[in-house]
Amino acid sequence: MANTPHTTDPDTMFATTFKEALRRRGLPLEHVREHLEAHGITVSVATLSYWQSGRSQPEKARSLRAVDILEPFLGLPGGALRSLLRRRPRGWAPPHDPAAVRGLYGENSDVEQALGDAFPHFNAGLRRLVVHEAVRVNEHRLVDEIRVTVAVRAAHHDARHLTVVHALDGAQGDACEVTAPSGPAPRTRFRPDLNCVVAEIPFGRRLVRNETAVVEYTLRTAATEGVSHQHESRVTTPLQSYLLQVRFHPSAVPSTCWHHYRRRLGAEPGRQLAALDGLHTTHLLPTKPAPGVYGIEWGWAD
């Protein structure tokens, strides 16, 4: 009989058992992928990694078939893995994983420097569900306004605020402000050495576990020096929806725009051309956005 890990959390038993079986058999994920492919099942290494970390679990028919094939390959009795799969409620999100957050941002990132000791717990009590960003580029070719709406779910009791970090192009501390349409004013801290702003956007009240809230805020800068070439958002857990809109001033319309995606900061982005409409706007609306860095970049002919 295979050893099973000592855990009482039903939401992590599949991931823990799968990971322990891989360790015990000394199997790299690439070998697991090849074994499944030999049986006519295609599952990416990234998906297998998510299964063993608990960031996702097998749910579709093809994935469940993969689990059945893996059990004997891993030296487990039939049903040992499948029996640990739990039906997750709509809107479920994986638990906060500081290692995964650091993997996306990289070591000693600007966000980690800005947050200091608080970085490992960056919004640990919240799960972002929906993010909508509306970005304005002014006549000086500089982003001067970012309007953000975020829907979140509390992962723990007593959630009080959403922490945000925004990089700035050419802004000075006294030329930057973060406002919310109602409620207490956000607590804001400008880091001139990192050229970014940190803000805590309060909720209307303290949230209990699984309660949702909608947060709205606007970042504005009065800076006139510097040029912006892109705007991007870092997604640490899967979102239900992400929408990025960029509107250009009529006298600062770029010649070309691109959508881009990177699995982590520092990686080379995959790019594709993005169209501008008659109102000088473009947008990015990925389907079921997975963790990574999503953005729009642009350039001018002169």
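Q: What should I know about the model before we start?
A: This is a predicted model, in which local features need pLDDT of at least 70 and side-chain atom pairs count only at pLDDT 80 or more, while totals for chains, interfaces and linings use all residues. Residues are numbered from 1 along each chain as its sequence is written, and side-chain values use heavy atoms, with hydrogens and water left out.

Q: How many helices and strands in the chain?
A: Six helices and 13 strands. Helices (H or I, at least four residues) and strands (E, at least two) are DSSP runs, numbered from the N terminus. The C-alpha atoms fill a box of roughly 70 × 45 × 30 Å along the principal axes.

Q: And how much of the chain is buried?
A: Buried residues are 44% of the 302 in the chain. Buried means under 20% relative accessible area, exposed over 50%, and partly exposed in between, with a 1.4 Å probe and protein chains only.

Q: Which residues have the most contacts inside the largest nonpolar core?
A: L162, F203, V246 and W298, in a core of 39 residues. Such a core is a set of buried Ala, Val, Leu, Ile, Met, Phe, Trp, Tyr and Cys residues joined through side-chain atoms within 4.5 Å. Strands that each supply at least two of its residues include β1 (126-137), β3 (159-167) and β13 (292-299). The largest share, six residues, comes from β2.

Q: What does V246 touch?
A: Leaving out residues up to four places away in sequence, V246 touches V135, V137, H280, T281, T282, I296 and W298. Contact here means heavy atoms within 4.5 Å.

Q: What is in the second core?
A: That separate core has 22 residues, among them A21, L22, L48 and A66.

Q: Switching to rings. How many aromatic pairs?
A: Seven in the whole structure. Rings of Phe, Tyr and Trp (its six-membered ring) pair if their centres lie within 6.5 Å; planes under 30 degrees apart count as stacked, over 60 as edge-to-face and the rest as tilted. Y242 and Y294 form a tilted pair, 6.2 Å centre to centre with 50° between the planes. This pair joins strand β9 to strand β13, 52 residues apart. Y242 and Y294 are both buried. Elsewhere, ring pairs link F14, F18 and W51 into a cluster.

Q: Now loops. Where is L142?
A: In the loop between β1 and β2.

Q: Buried or exposed?
A: L142 is buried, because its relative accessible area is 0%. Residues that L142 touches include R136, D169, A223 and V227.

Q: And where is D97?
A: D97 is in the loop between α4 and α5 (98-105). D97 is partly exposed, since its relative accessible area is 29%.
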